[in-house]
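Dear colleague,

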Amino acid sequence: MVFKALTEAFLRKPPPSFAENRAFFKGVDQGRPLEEYEFVVYDTELTGLNPKKDEIVSIGAVRIRKLQIMAGETFHVLLKPRRQLPKDSTLIHRITPQQIENAPSLEEVLPRFVEFCGRAFLVGHYVGLDTSFVNRAARRIFGAALHNPCLDTLRLAQAYKEMNWENYHDRFNMNVSYNLTDLGKEYGLPAFARHDAFEDAMQTAYLFLFLVKKMRGQGIVTLKELFNAGQNWRWIF
Amino acid sequence: MSPAANDVHAVAPEAVLSFLTRTLPFNELDPATLTNLARHCIIDFFPKGTLIFRQGLTEVNHFYLIQKGGVKIYLKDEEGSVTLKDFRGEGEYFGALPIIQETRANLNVETVEDTFCFLFAKEAFLALIHSSPKVTHYFLRSMSEKLVKTAYAELRQHRVNPRTESALYLFSAQIGETIRGKSLYTIAAGDTVQAAAQRMAEFNIGSLLVHDGREKIIGIITDKDLRTKIVAAGLSYQSPVAEIMASPVETIPSQAVCFDAMLKMMRLRIHHLAVEQQEKIVGVVTTHDIMLLQGTSPLYLFREIVAQRKIEGLYSLSGKVPQVVRSLIEEGAKANNITRMITILNDQILDRILTLLIAELGPPPLPFCWLLMGSEGRREQTFKTDQDNALIYADPEGEEQAKEAEAYFKTLADKAIEHLVACGYPRCPGEIMASNPKWRQPARLWQRRFDGWLSTPEPRDVLHSTIFFDFRGGYGERGLAQRLRQHLAEQARKKEIFLLHLAKDCLEARPPLSFFRNFIVEKDGEHKNLLDLKTKGLVPFVDFARLMSLKCGVRESNTLGRLQLLAEGDHISRELYSEAVDAYEFLMQLRLIHQMQLLEENRTPDNYINPADLSDLEKQTLKEAFEVVRRMQSLIKQEFRLGEA
């Protein structure tokens, strides 16, 4: 028991990588070509959308290096939330209470996830949501948040669409969907099962690769340019 | 994702895995190999219009399997004119050939759609090819088909007098002419897919037209439908054909030219078109038919051999082997691949002869195996070489069975040898053939004979017996050959005196290094030397590999295979291994090209080359090859403690 308590106390301290990562990402040169950076595309499944009370039940991630998906460098876990699994969330991600009965807790898994992310840039579809959950947990467990900068494929998709507006009225097209599945269909990407953190991460990785390489053909070569493209998107209304 | 994967961080990528299990030839692999392959997979995306391979420039480090999208493959000559070679789509691949041949990209590959590919590292792909015979077979077959297409383009580009008529043939030949003589194979819509598969297997065809029970053709099913819609989808073999057929069937008028058919098939990404004549379906034209118009294909020959129903039909077919090999050589295929191809073709001919003979004579009284010796046994045949074969059969029980077996196998062997001669494989001058009762024995006596050679070696016997040590099973119950090989591998390594004789024999062949000094003189016209490539060049490698294999218990019979296993077992150094492989392949290549030239001039293939015909680079390489022989010999001296005697 003593040993366990010690381990836990140790875990609560932010691992050295947090401070190192902060320094690293502060000094990182964003002007290099995109293929020189490493990305980790990830997705989470949640018990609900309220960051105050909902929790992560699954994390899936895959690594991108040289703008290629490393199919064998993946991360996939189911987690045991502290509260009981709400029924309505099971309907979405199909993770049942039985499945997570023996699953590890976030405390056990998060260090491994942080390690997996390493010095990669994080990528996700509407990544802000996932990151807010992860960082809330990180603050609780380590007392520090991840410093890995995030790229949002949703914003990239919006930027890509904007780059390809041909007519003035294109921007008033109301039928555009930025849902992950719809984007996949629209761009003809291989389809994955939805609402599984790992499958969604793979789907997002495909989308990311597609967008980045398409945009590269239109002059977006460096990481900085990609960041700017994602932020240039203006709300029309 | 299964709950069991819960605590496993690196999950096998399901998407890759399930794609592979649906794709030939990966679906043949066992789950462990597949999972490992999937884990090492890299997924890449190439927007439409990306040039992935640049002909002659791109170093190919990965094998590419198309997950989604498509590429076009084309050649560009010096003048910039483009010859379209192929379109590849989902589930198809590119990059295998440069990896196998160890060359740069031989063609341009460009995406015609946004394309996702699975990439497998060169080493992983090669390991796969070497480990799984089914995969090897698949790539060897499809490779040869593609090779010929490329060779054709090369010929067209570089020949002074291009065979323009054949290039234009596509534009002039009508579909009707092309399929004349091909029967129309159909099946009723209500029949089961199993019946369809049986029918396709029976006639060795890849598609059947589906009729409605009366006269009307309502659809088509292809072997691909069987794979993807039945086997991969797990449907019952009893499903009616109508359930999986493509309907209505795509047609082309019989008076259309072949080029139209090719375009239509490329556009629709299908391989079969029904041929229509006056509103009636008269046959099927396939991509293969079109390809045949462009050259002689090993695959075609392979299929023709397999489809032969009469032994006499084989007589003319074996004569086509050199024609097929010719285009491979011109393409620059490595000799090792070519000899393996020749071996496969020869094996098929043997297979047909014996299968048809057994059908004629009735089943054998005992299991037997046709043994191939010498170069056939080593899978290193070039053009028609003498027969070296033998026969082993299971030990008979009792006098009566022994007599019966003797009589049966005598008839079988005599007839088979006659047919082989008629096919153009000359008799062995030393009578080492299955028709010779000495070399047609039950397993027990074979074992005893090998033991005899091993235990009481006479120098002369050793010399004569070497070709026997290169045997492999060519037809029938391979287990008999394998057990004999096993016995030999276990025994030979212990027989030091025998190995010593063999080692001494290896040192007999003196590498002709001085030959090159003579050769310098020859420039002044004083000498006219010919070099015997076989005894001076190739035999030392074969002997070395055999000796070391027997000594180290390696069971392989192919020389390159033996060298590889020896290197893997650390019996020879990696350095010597790679040098020996390079040298041996070069010598084989040289011999192959030499023999090809003789055949073209209607002369009998031999092993004598005139060094004056070689380029400086070739001479240099040859000299280095002989250096390697010397190094192998010094290793033998060391291993067997044989001084400079």
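**Confidence in the model**

In chain B, the confidence is highest in strand β15 (residues 368–372) of chain B, at 95, and lowest in helix α23 (residues 514–522) of chain B, at a mean of 39. Please keep in mind that this is a predicted model. Chain B has an average pLDDT of 80, with 83% of the residues scoring at least 70. Over residues 1–9 of chain B the pLDDT stays under 50, and the model has 16 contacts beyond four places in sequence for them. Residues 514–527 of chain B also have a pLDDT below 50, and this stretch has 13 contacts in the model beyond near neighbours in sequence. Where pLDDT is low, the predicted coordinates should not be read in detail. For the complex, the predictor gives an ipTM of 0.86 and a pTM of 0.46.

Chain A contains 9 helices and 5 strands, and along the sequence they follow the pattern α-α-β-β-β-α-α-β-α-β-α-α-α-α. Of the 237 residues in chain A, 39% are buried. If one takes the contacts in chain A between residues at least 6 apart in sequence, 71% of them join residues at least 24 apart.

The contact between the chains takes 26 residues from chain A and 24 residues from chain B. On the side of chain A that touches chain B, the elements giving two or more residues are β3 (68–78) and α8 (197–216) of chain A, and the largest share, 10 residues, comes from β3(A). By class, this side of chain A has 15 nonpolar, 7 polar and 4 charged residues. β3(A) is also joined to strand β1 (residues 42–46) of chain B by 2 bridges, and the two run antiparallel. In this pairing, I69(A) stands opposite I43(B) in β1(B).

**The nonpolar cores**

The largest nonpolar core has 103 residues, and those with the most contacts inside it are V41(A), V123(A), A201(A), A205(A), L211(A), V16(B) and C41(B). The largest share of this core, 13 residues, comes from α8(A). Leaving out residues up to four places away in sequence, V41(A) touches several residues, including V62(A), V123(A), A201(A), A205(A) and F208(A). Another core, of 94 residues, lies apart from the largest one, and among its residues are L372(B), I392(B), F468(B) and Y475(B).

**A strand and a helix in chain B**

Strand β3 (residues 62–68) of chain B is mostly covered, with 6 of its 7 residues buried. β3(B) is joined by 6 bridges to strand β8 (residues 115–121) of chain B, which runs antiparallel to it, and there C117(B) is the bridge partner of I66(B). β3(B) also pairs in the antiparallel sense with strand β6 (residues 93–94) of chain B, over 2 bridges, where L65(B) stands opposite Y93(B).

Which residues of helix α9 (residues 223–231) of chain B are buried? They are D225(B), L226(B) and I230(B). These residues lie on the same side of α9(B), because they cover an arc of only 100 degrees around the axis. An α-helix has 3.6 residues a turn, so residues three or four places apart point the same way. The buried residues of α9(B) pack against α8 (193–203), β11 (217–222) and α10 (241–244) of chain B.

With best wishes

Conventions: Residues numbered from 1 in each chain as written. Chains lettered and ligands numbered in written order. Predicted model: local features only at pLDDT ≥ 70, side-chain atom pairs only at ≥ 80, totals over all residues. Buried ≥ 20, exposed ≤ 12 C-beta atoms within 10 Å, placed from the backbone. Helix = DSSP H or I, 4+ residues; strand = E, 2+ residues; numbered from the N terminus. Arc of directions from axis to C-beta. Contact = placed C-beta atoms within 7 Å. Nonpolar A, V, L, I, M, F, W, Y, C, P; charged D, E, K, R; others polar. Pairing = 2+ DSSP bridges. pLDDT = per-residue confidence, 0-100. Core = buried A, V, L, I, M, F, W, Y, C linked by C-beta atoms within 7 Å.
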